Amino acid sequence: MNKESIVEVLESKHFDLFEWLKNHPIEKWELGPEDKWSSGQHILHLDQTLRLINKALSYPKFLIKYKYGTSNRPSRSYDEVANRYNERLFENQEKARVFNQNLKKPTVKEREQLIDSLKILNKKLQYKTTKLKDKQLDTLLLPHPLMGRMTLREIIMWSAYHTEHHLNILKKNY
């Protein structure tokens with residue numbers, strides 16, 4: 001997937017999420033199924049994820065290369081990244097649960113600020129994606145707690161899929 005397509009899919013997946021949030025009753029922001037996240041926690045999790053990716057992409061590229069190395073294979077496609085993520089989630093349900101168990105529950109007062117923050121972080125990621133060279137996207141690596149090291153292209157595509165994944169959970173359970 002080229003940079004322009006990645007930016008489009010980031011925009012599309014986040015637009016769908018924000019549209020769903022517009023129609024989601026505010027009083028349900030802090031509620032969720034038993035032993036599951038509230039809708040606010042899903043948004044906080046997406047915010048924290050994009051914040052980490054944007055921060056990593058702000059580092060000098062030589063530092064990313066030094067710390068995490070370079071890829072010895074071509075970047076995976078969007079569908080391959082999504083399928084691999086779902087497989088890893090299924091295989092590591094307990095690890096994922098423990099990793100995310102202490103996520104704070106945002107209040108209704110924090111709702112608009114958190115949604116605005118996620119919008120800004122998404123735009124920053126889109127901008128940073130357009131500024132990266134294709135060679136950087138396909139050779140530089142960043143770590144993912146569940147999937148291991150991924151190329152920059154893969155982790156940016158994953159972030160779009162990750163938003164879709166959480167939107168599907170929200171639609172199903174909330």
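Student: How do you know that the span of helix 6 agrees with its 21 residues?

Tutor: In this predicted model, helix 6 covers residues 111–131. At 1.5 Å a residue the helix should span 30 Å, and its end C-alpha atoms are 31 Å apart, so the two values agree. The expected figure takes 1.5 Å times one less than the number of residues.

Student: Which residues of helix 6 are buried, and what do they pack against?

Tutor: The buried residues are Arg111, Leu114, Ile115, Ser117, Leu118, Leu121, Asn122, Leu125, Gln126 and Thr129. They pack against helix 1, helix 2 (39–58) and helix 8 (152–173). An α-helix has 3.6 residues a turn, so residues three or four places apart point the same way.

Student: Which residues of the largest nonpolar core touch the most other members, and which elements give two or more residues to this core?

Tutor: Among its 46 residues, Leu17, Leu21, Ile43, Leu57, Ile156 and Trp158 touch the most other members. Two or more residues come from each of helix 1, helix 2, helix 4, helix 6 and helix 8. Helix 8 gives the most, namely 9 residues.

Student: What does Ile156 touch, leaving out residues up to four places away in sequence?

Tutor: Ile156 touches Ile6, Leu10, Leu57, Leu125, Thr129, Leu132 and Leu137.

Student: Why is Val9 called buried?

Tutor: Its relative accessible area is 14%. The limit for a buried residue is under 20%, so Val9 is buried. Val9 lies in helix 1 (residues 3–23), and beyond four places in sequence it touches Met1, Tyr78 and Ala160. Val9 and Tyr78 are 69 residues apart along the chain, with their C-alpha atoms separated by 9.9 Å.

Student: What makes Glu11 and Lys123 a salt bridge?

Tutor: The closest N and O atoms of Glu11 and Lys123 are 2.7 Å apart. The rule requires a side-chain nitrogen of Lys or Arg within 4 Å of a carboxyl oxygen of Asp or Glu, so a pair that meets it is called a salt bridge. Glu11 lies in helix 1 and Lys123 in helix 6, so the pair ties together parts that are 112 residues apart in sequence. By this rule the count comes to 10 salt bridges.

Student: Are Glu11 and Lys123 buried, exposed or partly exposed, and how do you know?

Tutor: Glu11 has 30% relative accessibility and counts as partly exposed. Lys123, with a relative accessible area of 45%, is partly exposed. Exposed would require over 50%, and buried under 20%.

Student: Where do Arg51 and Asp47 lie, and why is Asp47 called buried?

Tutor: Both lie in helix 2, 4 residues apart, which is about one turn of the helix. Asp47 has 4% relative accessibility, so it counts as buried; the limit is under 20%. Arg51, by contrast, has a relative accessible area of 42% and is partly exposed.

Student: How far apart are the closest N and O atoms of Arg153 and Asp138?

Tutor: They are 2.7 Å apart, and Arg153 forms a salt bridge with Asp138. This pair links distant parts of the chain: Arg153 is in helix 8 and Asp138 in helix 7 (residues 134–139), 15 residues apart. Arg153 counts as buried at 7% relative accessibility, whereas Asp138 is partly exposed at 27%.

Student: Why does Arg73 count as partly exposed, and what surrounds it?

Tutor: Arg73 has 25% relative accessibility, so it counts as partly exposed; under 20% would be buried and over 50% exposed. Arg73 lies in the loop between helix 3 (61–68) and helix 4 (78–91). Beyond four places in sequence, Arg73 is in contact with Asp138, Arg149, Met150, Thr151 and Glu154. The side chains of Arg73 and Glu154 are joined by a polar contact of 2.6 Å. Arg73, Arg76 and Glu154 are linked in a network of salt bridges.

Student: In which sense do strand 1 and strand 2 pair, and over how many bridges?

Tutor: Strand 1 (residues 141–144) and strand 2 (residues 148–151) pair in the antiparallel sense over 4 bridges. Pairing requires at least two bridges. The two strands form a hairpin with 3 residues between them, and Leu141 stands opposite Thr151 in strand 2.

How values were computed
Residues numbered from 1 in each chain as written. Predicted model: local features only at pLDDT ≥ 70, side-chain atom pairs only at ≥ 80, totals over all residues. Heavy atoms only, no water. Buried < 20%, exposed > 50% of the residue type's maximum accessible area, 1.4 Å probe, protein only. Contact = heavy atoms within 4.5 Å. Polar contact = N/O pair within 3.5 Å; in protein donor to acceptor, adjacent residues only side chain to side chain. Core = buried A, V, L, I, M, F, W, Y, C linked by side-chain atoms within 4.5 Å.
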